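Trainee: I have a model open and would like to learn how to read a few of its features. Where do we start?

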Amino acid sequence: DQERRLNHRLLADDLERILHNGNGKVNGAQKNTIPISIVPKDKERGLPLLSLSRVDVPWEAVVLHPATLAAMSRCAEENRQRELLVNGGVKPKQKLLLCGPPGCGKTLSASALATDLGWELATVRIDSLMSSFLGETAANLRKVFEFISSGRYVVLFDECDAIGKERSGGQEHGELHRVVTALLQMMDAYSGESVIVFATNHQSMLDSALWRRFDLALKLDLPETQDRILMLRHFLRSLVHVPKMAEKQARAMSGASGADLYWLAQELIRSCLLAGRSSATSADFAMAAAAMKQRSAAMLSNPSIPRHSPRSSKKRVSS
């Protein structure tokens with residue numbers, strides 16, 4: 001509290017996380033951590049099937065809707081109190097689905113969940129998981145589930161529609177059908193302590209049988225005006241700036257995602273650092289906004305990218 005009153009926000013945030021998570025060994029979370037040297041690998045190319053990382057993303061960096069934040073925080077608390085729940089005959093929520101448009105914070109939310117629990121984030125590498133050999137993709141998937149069952153991780157299956165597409169569409173070949181079937185069976189048989197997070201921009205493409213395997217399904221939307229203000233202020237916390245300038249910029253970026261705001265903040269910070277300053281001016285904000293507009297125009301010229309234009313607009317298109 002003293003550091004926060006002195007406006008030492010970064011230090012205050014670090015102290016708060018240390019106070020909450022201790023030395024990172026929350027409820028023995030690290031006792032089963034497996035060395036990265038024995039992370040399972042793809043038989044065909046020898047590529048690791050997961051990437052392990054120790055993340056530090058507080059919930060305030062994600063700026064979720066209050067109901068979504070409450071559900072995610074409750075999930076973390078349930079897994080911290082796993083033994084209590086198991087002794088009472090129930091299990092914590094361990095299989096989550098996060099869906100929503102690109103850049104709305106799905107991956108960041110998984111990182112924040114791992115930070116809250118004090119566990120490592122295990123990101124499944126879909127490119128290594130998928131194999132050209134018959135049956136190898138399902139075998140790789142089995143290796144992943146065996147690995148995560150041996151420790152405590154927050155396991156992120158990003159772009160999970162690649163391995164969980166609807167089987168009744170008739171457009172996918174038999175091998176992918178077998179992969180979906182194997183995934184369903186492994187999720188049913190899973191008895192480990194890791195939390196599994198599936199993330200997708202195309203929830204309508206997921207197999208209908210996959211939906212009932214999730215303990216919690218949450219839709220993350222693009223941030224509203226007040227959320228954008230909070231996000232931009234957080235992303236610019238290392239710079240000295242006039243809060244009203246950040247608020248004005250955030251209000252002007254109607255339809256922007258959290259990823260858009262982060263990009264603009266990084267552009268602003270880079271410009272200030274290259275100029276040898278630790279403070280931002282209105283001219284810096286204008287230059288960053290112009291760069292963002294140029295970037296958005298290039299992206300929107302591609303009709304295959306379904307997204308909002310992060311600029312002022314009275315009409316808001318639904319995702």
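Mentor: Start with burial: a residue counts as buried when its relative accessible area is under 20%. This is a predicted model. Cys-99 has 6% relative accessibility, so Cys-99 counts as buried.

Trainee: Is Cys-160 buried or exposed?

Mentor: Cys-160 is buried, since its relative accessible area is 1%.

Trainee: How many disulfides does the structure hold?

Mentor: The general idea: a disulfide is a covalent bond joining the sulfur atoms of two cysteines. In this structure there are zero disulfides. For Cys-99, the nearest cysteine sulfur belongs to Cys-104 and lies 8.3 Å away. A disulfide needs two cysteine sulfur atoms within 2.5 Å. Cys-160 is in no disulfide either; the nearest cysteine sulfur to Cys-160 is that of Cys-99, at 9.0 Å.

Trainee: Next, helix packing. What describes two packed helices?

Mentor: The angle between their axes and the distance between those axes. Take helix H7, residues 136-148, and helix H8, residues 174-189: their axes come within 9 Å and cross at roughly 20°. Angles under 35 degrees count as roughly parallel, so H7 is roughly parallel to H8. The crossing of H7 past H8 is right-handed.

Trainee: Which residues in H7 and H8 meet?

Mentor: From H7, the contact involves Glu-136, Thr-137, Ala-138, Leu-141, Arg-142 and Phe-145. From H8, the partners are Glu-175, Val-179, Ala-182, Leu-183, Met-186 and Met-187. By class, the residues of this contact between H7 and H8 are eight nonpolar, one polar and three charged.

Terms used
Residues are numbered from 1 along each chain as its sequence is written. This is a predicted model: local features need pLDDT of at least 70, side-chain atom pairs count only at pLDDT 80 or more; totals for chains, interfaces and linings use all residues. Side-chain values use heavy atoms; hydrogens and water are left out. Axes are lines fitted to C-alpha atoms, for helices over the stretch in contact, and angles run from 0 to 180 degrees between N-to-C directions. Helices (H or I, at least four residues) and strands (E, at least two) are DSSP runs, numbered from the N terminus. Angles under 35 degrees count as roughly parallel, over 145 as roughly antiparallel, 65 to 115 as roughly perpendicular and the rest as oblique. A crossing is left-handed if the near helix is turned anticlockwise from the far one by less than a right angle, and right-handed if clockwise. Contact means heavy atoms within 4.5 Å. Ala, Val, Leu, Ile, Met, Phe, Trp, Tyr, Cys and Pro count as nonpolar, Asp, Glu, Lys and Arg as charged, and the others, Gly among them, as polar. Buried means under 20% relative accessible area, exposed over 50%, partly exposed in between (1.4 Å probe, protein chains only).
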